[in-house]
Every structure is written in structure tokens, then in C-alpha cells.
Amino acid sequence: MKGFYDYFLEYWRRSSKPVFWMGLLLLTILITINYTVGIERRIHGLGTWCLVYGAQAVFFGIVVTIIWGVQVRWGGTVMSKGLLRLLVVAVLLFGAKMVHWDLSSWLPGSPGSLWNRYWVIVTQLPAKLLVLLGVLCVLWRVGWLAAPEDRGFRGAVGLTTKGFYAGPYFGLLLLLVPLVALASTQPDFLRVYPKVSAIAFINNYPGPLWLRQTGYELSYGLDFLSIELFFRGLLVIGVARYAGEQAILPMAVFYCTIHFGKPLAECVTSFGGGMVLGVLAYRTRSILGGLIVHLGLAWLMEIGGWVGHL
């Protein structure tokens, strides 16, 4: 744990303080607007997938442009061609992830049936993960992503286990247990968690309920692999090739904005979580520790939501 503290201290000493505070000001403005007039709610209320995708891409594009503009102007980052094209791909790719994919015609059951609705929900996130992995693989093949020490694709996106130690990350996770316990007493938390309530419509369907709930939780868990691959794999480890550790703050700002549909406290704290996981990913060149913390926290919140409703 002392090593983790040293990572953060070294990063803070070297980072641009004006960039940090301007990034924090940008987030404060965006969070205030979102929880007043509802940026996230209004985007998803546009209806058709193409409008939602376009609005998501424009919104994320504005956020990325502003924070990287600040980083270039006051942080000394050089906006190279390689950095610019990765950022453009990132905005377009994550905009697509935030859109609902209608896979009903490819899945079991007639479209609109309970069984079909269930499969649409539990296959949505794994399908998006496969697409993300495919895009990252293409980026690596064409040389837009590169692995340190020639570790191949896994090294390029932070899936390497070389020199990785899991113990400290489980220690970090334990520190979060009291916070989750406290959150599980709050009404806004209980309005969102447990996420498995999204499949409550199939509770009385014939067959073992626990099996369907397990399928949902596994699907939900895979989304956090997508998040870590995108934010810490692509936007930290991948972008670090062009911007070094200056990639961390813009990633954390972007990361916070994807929590606009979550409870306010979760959204606000996601910036700090993004910074912590970003620093760790940059220093270890691995996203596995962040995956342990992120996935563990997600399932702890599921448990907290279930207990809170008892």
C-alpha cells in the first residue's frame, strides 16, 4: 500500500496544478448542469438510436476537446497526429457503447416476449465487449496502439500479468466496504441498486430464478472489463505513448461524465476513483488491479442494494 501512496504522491508533484483545477472546474459545471436540467436524461430521451449516438458523440467530443485543450495549453502536451486519432476513435467508440443495441431478432423467443427481453438485456454488454476488443485489436494491428517491451496485444491494452500483484487491490476493496454499507442506507442509492432488478419481469417465469440472476450478474460484470479496457487500457496505457502520465486527468474527467445517470455521490466520487485507477494503470501498465477493484465494488453495491431493500 505504501507503494501505491508513493505513486500518487509522485504524480501529484509532477502534474500541472492549473490543469487539475481547471479540470475540476469543468466537471463541477457539467455535474451542476446535469443534475439540474439532465444532460444524460435529455440525450437518452431523443428516441432513435442515431440521434442518441450523435448526441453522445457530440457531448463526449466537447468534453474531450475542452480538457485536452486545457492540457495542451497549460500542461505542455503536444497534440500529435497519433494522439488526435486515438481521441477521435475513443469518442466515436464510446458513443456507440452508450446506445441500446436491439438484438431481439437474433435471440431466443419471439421479439417482445419475456424470454426474448431477458436475452436482449444479458447479451447487450457482452456483445459490446466483443466489439470493443475487436476495435482495440485493429488499432493494435495498424500500429496505433503499442505494447511496452513488445508484449503484444495484451500488453498494449493492459491485460498483462507480468509483475502484477493482486493483494494490495483487494486491500483497497476492503476499505470500500464501509462506504458501500453507508450508501446502501440512502434512498437515491436504493433507487438504482441492485441492478439485477432490471430482470424482475421474468421472476415468475418457469425455471430456476437464481440461474437467470447469475446470468445477469455475469453480464453486468463483463461491462466493467469493457470500462477498464476503454478508460485505463486505451485512454491511459494507449494514450501514454503520446502524452505520458498527462493522459490520466483527461481520462478521469471523461470517466466522470459517463456516471451522469448514477446517484450524485457516485458520480462525484467517480472522478477520484478514475484518478486513482488511472495512476495505478499508468505505473503498472496493467488494468487487472483496476478490474479487481471496479468489479468487486460493483458486486458489493449489488449486495448493498439487495440488503438495503430487505
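# A guided tour of the model

Start by selecting Leu84: at 46% relative accessibility, this residue counts as partly exposed, because buried means under 20% relative accessible area, exposed means over 50%, and partly exposed lies in between (1.4 Å probe, protein chains only). Before you go on, note that this is a predicted model, in which local features need pLDDT of at least 70 and side-chain atom pairs count only at pLDDT 80 or more, while totals for chains, interfaces and linings use all residues. Residues are numbered from 1 along each chain as its sequence is written, and side-chain values use heavy atoms, with hydrogens and water left out.

**Stop 1: a nonpolar patch**

Leu84 lies in helix 5. Helices here are DSSP runs (H or I, at least four residues), numbered from the N terminus. Which helix gives the most to the nonpolar patch? Helix 5 (residues 81-97) does, with three residues.

**Stop 2**

Select Leu107, in the loop between helix 5 and helix 6 (114-141). Leu107 is buried, with a relative accessible area of 19%. Leaving out residues up to four places away in sequence, Leu107 touches Asn116, Trp119, Val120 and Thr123; contact means heavy atoms within 4.5 Å.

**Stop 2: two helices side by side**

Next, show helix 2 (residues 17-37) and helix 12 (residues 248-257), whose axes come within 10 Å and cross at roughly 10°. That makes helix 2 roughly parallel to helix 12, because angles under 35 degrees count as roughly parallel, over 145 as roughly antiparallel, 65 to 115 as roughly perpendicular and the rest as oblique. The axes are lines fitted to C-alpha atoms, for helices over the stretch in contact, and the angles run from 0 to 180 degrees between N-to-C directions. Among the residues making the contact are Phe20 and Leu27 of helix 2 and Leu249 and Thr257 of helix 12.

Zoom in on Thr257. Is Thr257 buried or exposed? At 3% relative accessibility, Thr257 counts as buried. Its contacts beyond four places in sequence are Leu27, Leu30, Phe59, Phe60 and Val63.

**Stop 3: charged pairs**

Side chains of opposite charge can pair when their charged atoms come close. A salt bridge is a side-chain nitrogen of Lys or Arg within 4 Å of a carboxyl oxygen of Asp or Glu, and the count comes to five salt bridges.

Select Glu245 and Arg14, whose side chains meet in a salt bridge (2.7 Å, N to O). The pair links distant parts of the chain, 231 residues apart: Glu245 sits in the loop between helix 11 (240-243) and helix 12, and Arg14 in helix 1 (residues 2-14). Glu245 is buried at 14%, whereas Arg14 is partly exposed at 48%.

Then move to Glu228 and Arg232, which also meet in a salt bridge (2.7 Å, N to O). Both lie in helix 10 (residues 209-238), four residues apart, about one turn of the helix. Glu228 is buried, with 0% relative accessibility, and Arg232 is buried with a relative accessible area of 0%.
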